[in-house]
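These are my notebook entries on a protein structure.

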Amino acid sequence: MSDKQVQARYEALLKATADTVMVIEPSGLILACSEGDAGWLNSEAVMGRKLEDIFPADISGDIVAAAVKASEKQKLVKTDIQLRPEHVPVLREQGLTETKWFELRCQTAGSEVVVVYQDISAKRRLERQVTSQAQRDPLTGAYNRRALRPVLEQAVAQAQRYDWVCSLMVIDVDSFSDLNDNYSWDCGDQVLQQLVTSIHGMKRTSDFLARYGDDQFVMFMPETNHEQGMAAGNRVRKIMEEMEIPYAAGDVRFTVSVGVASLNGPEDDSDQMLRRANENLFIAKQSGANRVEGEG
Ligand SMILES: Nc1nc2c(ncn2[C@@H]2O[C@H](COP(=O)(O)OP(=O)(O)OP(=O)(O)O)[C@@H](O)[C@H]2O)c(=O)[nH]1
């Protein structure tokens, strides 16, 4: 086969593939590029430039490292990258309008490396959605109990390493079964939804709210000492006491009881904090409900 024919076959192959393909030097210089179905990059505009002129330093560094490895080991090397339009102004101009994920396959070809960019954004989005659905309570949208445990463990361990300060509260709707019985299950649902909406409106971004049981919620508060934790508990109690939920049979009002616990020494952990918060919640209920109790 003549050189011309080989070249024609190579170009046809590039044009036929939907993936973006670059031929680069291990230094990162782009020798050839075929954009495929990309729509996020203009092959003419990137040819002859270096990866670092197009991508942020960490991403071009990752690609070069994979290309060097493929070249040294003479084998296929894979790596993943994520492109955000706000981080890649060059590609934003060329058509990158949303975050995309790619699996890169680097294959050595003599002194050059062929890099194939396979768009795996749809797969990643689906994975994220499934993970997020598995971590959320479908009624209220709050995190569920399963999502709470690892977050609590990690956050308490982090507080023990750094500042020794964090608190959590257990929030329980008072006589919730009466709301279900006297109004309706649907009304009970609305109470739980409104409770979550208003806590989301008042909490700090770093606070973590999860539905812990039927009518029970846990909020973890990093960098929050006991006094601040009690103040937050009282804010939640007050907001719920003042809330009116319009309902056909008349406005519905409800109250909550709250148990607060704060990190207490090096032997403490998230399980013990939860246990103490529940004990304090029990005291709040025993003392007449619509109260906040905490140790110390
Ligand atoms: N509307 C509604 N009710 C639920 C849901 N999940 C559980 N429940 C009901 O919530 C009620 C919880 O009742 P309890 O745990 O006895 O709580 P309570 O009536 O608030 O009692 P105290 O906590 O002692 O004040 C039960 O009747 C459950 O059937 C839900 O998603 N929506």
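Entry 1. I first noted the cut-off for burial: a residue counts as buried when its relative accessible area is under 20%. I also noted that the model is a predicted one.

Entry 2. I looked up D137, which lies in the loop between α6 (121-134) and α7 (145-161). Is D137 buried or exposed? Its relative accessible area is 10%, so I recorded D137 as buried. I then listed its neighbours: leaving aside residues up to four places away in sequence, D137 touches A142, Y143, N144 and R211. With R211, I found a polar contact of 3.2 Å between the two side chains.

Entry 3. I turned to helix packing. Two packed helices are described by the angle between their axes and by the distance between those axes. For α7 and helix α11 (residues 270-286), I read an angle of about 110° and axes 9 Å apart. α7 is therefore roughly perpendicular to α11. On the α7 side, the contact is made by R149, L152, E153 and V156, and on the α11 side by S270, D271, M273 and L274.

Entry 4. I examined helix α9 (residues 185-202) and helix α10 (residues 226-242), which pack at about 135° with their axes 11 Å apart. This angle makes α9 oblique to α10. The crossing of α9 past α10 is right-handed. Which residues meet here? From α9 I listed L195, S198, I199 and M202, and from α10 A232, R235, V236, I239 and M240. The residues of this contact comprise seven nonpolar, one polar and one charged.

Definitions and conventions: Residues numbered from 1 in each chain as written. Predicted model: local features only at pLDDT ≥ 70, side-chain atom pairs only at ≥ 80, totals over all residues. Heavy atoms only, no water. Axes fitted to C-alpha atoms, helices over the stretch in contact; angles between N-to-C directions. Helix = DSSP H or I, 4+ residues; strand = E, 2+ residues; numbered from the N terminus. Parallel < 35°, antiparallel > 145°, perpendicular 65-115°, else oblique. Left-handed = near helix turned anticlockwise from the far one by under 90°. Contact = heavy atoms within 4.5 Å. Nonpolar A, V, L, I, M, F, W, Y, C, P; charged D, E, K, R; others polar. Buried < 20%, exposed > 50% of the residue type's maximum accessible area, 1.4 Å probe, protein only. Polar contact = N/O pair within 3.5 Å; in protein donor to acceptor, adjacent residues only side chain to side chain.
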